[in-house]
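Please look over the sequence and the model before reading on.

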Amino acid sequence: MTRARHQIISTADTPYYHCIARCVRRAFLCGEDSLTGQSYEHRRQWVIDRLKTLQAVFCIELC
């Protein structure tokens, strides 16, 4: 059975949450792939811009 978010998360006890996402097949999202030497650094700004957009949409703060 599903539960409301306010029942699961207590901002008084834990005001910060570390949210992560993993890529498929250990693919690099940003940085340099040490195995192939290919750089994915061009994606970093896209991710930052996307997080800022989602921050505004969902009314959350990012550190």
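## Basis of the model

This is a predicted model, in which local features need pLDDT of at least 70 and side-chain atom pairs count only at pLDDT 80 or more, while totals for chains, interfaces and linings use all residues. Residues are numbered from 1 along each chain as its sequence is written, and side-chain values use heavy atoms, with hydrogens and water left out.

## The largest pocket

The largest pocket has a volume of about 1,000 Å³. Of the 24 residues that line this pocket, Y17, C19, I60, E61 and L62 are the closest to its centre. A pocket is an open set of points on a 1 Å grid over the protein atoms alone, where a 1.4 Å probe fits, with protein on both sides within 12 Å along at least five of seven lines; lining residues have an atom within 4 Å of a point. The volume is the space filled by probe spheres set on the points, which are joined across faces, edges and corners.

Helix α2, residues 43-58, gives the most to the lining, with six residues. Helices are DSSP runs (H or I, at least four residues), numbered from the N terminus. By class, the lining holds 18 nonpolar, three polar and three charged residues. Here Ala, Val, Leu, Ile, Met, Phe, Trp, Tyr, Cys and Pro count as nonpolar, Asp, Glu, Lys and Arg as charged, and the others, Gly among them, as polar.

## Surface patch and salt bridge

L51, V57, F58, I60 and L62 make a nonpolar surface patch of about 490 Å². Such a patch joins nonpolar side chains (Val, Leu, Ile, Met, Phe, Trp, Tyr) within 5 Å, from residues with over 30% relative accessible area and no salt bridge. Areas come from the Shrake-Rupley method with a 1.4 Å probe. F58 lies in helix α2 and is exposed (over 50% relative accessible area), at 59%.

The structure holds one salt bridge, a side-chain nitrogen of Lys or Arg within 4 Å of a carboxyl oxygen of Asp or Glu. R44 forms a salt bridge with E41, their closest N and O atoms being 2.3 Å apart.

## Backbone and loop

C59 is in the segment after α2 and is exposed, with a relative accessible area of 71%. Its phi is near 55°, a positive value in a residue other than glycine. Most residues other than glycine have a negative phi.

Q38 is in the loop between α1 (5-8) and α2, and is partly exposed at 44%. Q38 and F28 are 10 residues apart in sequence and 9.3 Å apart in space, C-alpha to C-alpha.

Definitions and conventions. Helix = DSSP H or I, 4+ residues; strand = E, 2+ residues; numbered from the N terminus. Patch = residues over 30% accessible without salt bridge, like charges linked within 9 Å, V, L, I, M, F, W, Y side chains within 5 Å. Buried < 20%, exposed > 50% of the residue type's maximum accessible area, 1.4 Å probe, protein only.
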